[in-house]
Amino acid sequence: MTSGRVVLVTGASGWIGRHIVAAFHSCGDQVVAHYRSGEAPRGTLSVRGDLTFDADASSLVDAAAARFGRIDVVVNNAADQMIGESAGEFGAVDIARWQGVMDATLLSAVRVTSAALPHMAPGSSVVNVSSVEASRAFP
């Protein structure tokens, strides 16, 4: 089955992101795969950037739009986790660390989606990926 959509996936170098990219590729989609660090993920186009910065979010979207002329699907999968850091009392984690997690996880989705909307036609999709950390605490 070939769909031919243009799909932008953030956080594509992690385990979940790699599988998201592979699933869209198997449908015949063109995938723009974002990564912050490590090895570039397999995608039609791989773009490195730190989505805690507005300029990097804009550059990612601009690269997708320049290559394909449109974006049909945005998958916001980029995240930062505090596994092992939240042990103890609630206030034990520095507020700056909490802000970093929110910036990389929640606000990156806002940045990318806001930048992508002008390149998305009616009927396009935005998918926001969450993790078990949304419903379960890690001691």
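This is a predicted model: local features need pLDDT of at least 70, side-chain atom pairs count only at pLDDT 80 or more; totals for chains, interfaces and linings use all residues.
**Entry 1: Overall layout**

I began with the secondary structure of the protein chain, which comes to 3 helices and 5 strands. Reading from the N terminus, I noted the element order β-α-β-β-α-β-α-β. I then looked up burial: of the 139 residues of the protein chain, 35% count as buried. I also checked contacts with a sequence separation of 6 or more, and residues 24 or more positions apart account for 60% of them.

**Entry 2: The sheet**

In what order do the strands of the open sheet lie? I read the order as β3-β2-β1-β4-β5, with parallel pairing. The edge strands are β3 and β5 (125–128), each of which pairs on one side only. Direction ignored, neighbouring strands of this sheet are turned by 15° against each other on average.

I went through the pairs in turn. β1 and β2 run parallel and are joined by 4 bridges; here the bridge partner of Leu-8 in β2 is Val-32. β2 and β3 also run parallel, joined by 4 bridges, and His-34 stands opposite Val-47 in β3. β4 (residues 73–76) pairs with β5 in the parallel sense over 4 bridges, and I recorded Ser-125 in β5 as the bridge partner of Val-73.

I next looked at how α3 meets the sheet. This helix packs on the sheet and touches β1, β4 and β5; its direction makes about 170° with that of β4.

**Entry 3: Burial of two strands**

I compared burial along β2 and β3. In β2, 5 of the 6 residues are buried, so this strand is largely enclosed by the rest of the structure. β3 has a covered face, made of Leu-45 and Val-47, and an uncovered one, made of Ser-46 and Arg-48. I recalled that side chains in a regular strand alternate between the two faces of the sheet.

**Entry 4: Helix α2**

I listed the buried residues of α2 as Ala-57, Leu-60, Val-61, Ala-64, Ala-65 and Phe-68. Seen down the helix axis, they fall within an arc of 125°, so they line one face of α2. An α-helix has 3.6 residues a turn, so residues three or four places apart point the same way. The face of α2 turned away from the buried side carries the exposed residues Ala-55 and Ala-66. I then looked up the packing partners of the buried residues of α2, which are β1, β2 (30–35), β3 and α3. Just after α2, Gly-69 takes a positive phi of about 80°.

**Entry 5: The nonpolar cores**

The largest nonpolar core has 18 residues. Those with the most contacts inside it are Leu-8, Val-32, Leu-60, Val-61, Ile-71 and Val-112. β1 (6–9), β3 (45–48), α2 (54–68) and α3 (95–116) each supply at least two residues of this core, and the largest share, 5 residues, comes from α2.

I followed Val-61 further. Leaving out residues up to four places away in sequence, Val-61 touches Leu-8, Ile-71, Val-112, Ala-115, Ala-116 and His-119. I also recorded a second, separate core of 10 residues, among them Ala-12, Ile-20, Val-21 and Val-31.

Terms used. Residues are numbered from 1 along each chain as its sequence is written. Side-chain values use heavy atoms; hydrogens and water are left out. A nonpolar core is a set of buried Ala, Val, Leu, Ile, Met, Phe, Trp, Tyr and Cys residues joined through side-chain atoms within 4.5 Å. Buried means under 20% relative accessible area, exposed over 50%, partly exposed in between (1.4 Å probe, protein chains only). Contact means heavy atoms within 4.5 Å. The arc is that of the directions from the helix axis to the C-beta atoms. Two strands pair if DSSP finds at least two bridges between them. Axes are lines fitted to C-alpha atoms, for helices over the stretch in contact, and angles run from 0 to 180 degrees between N-to-C directions.
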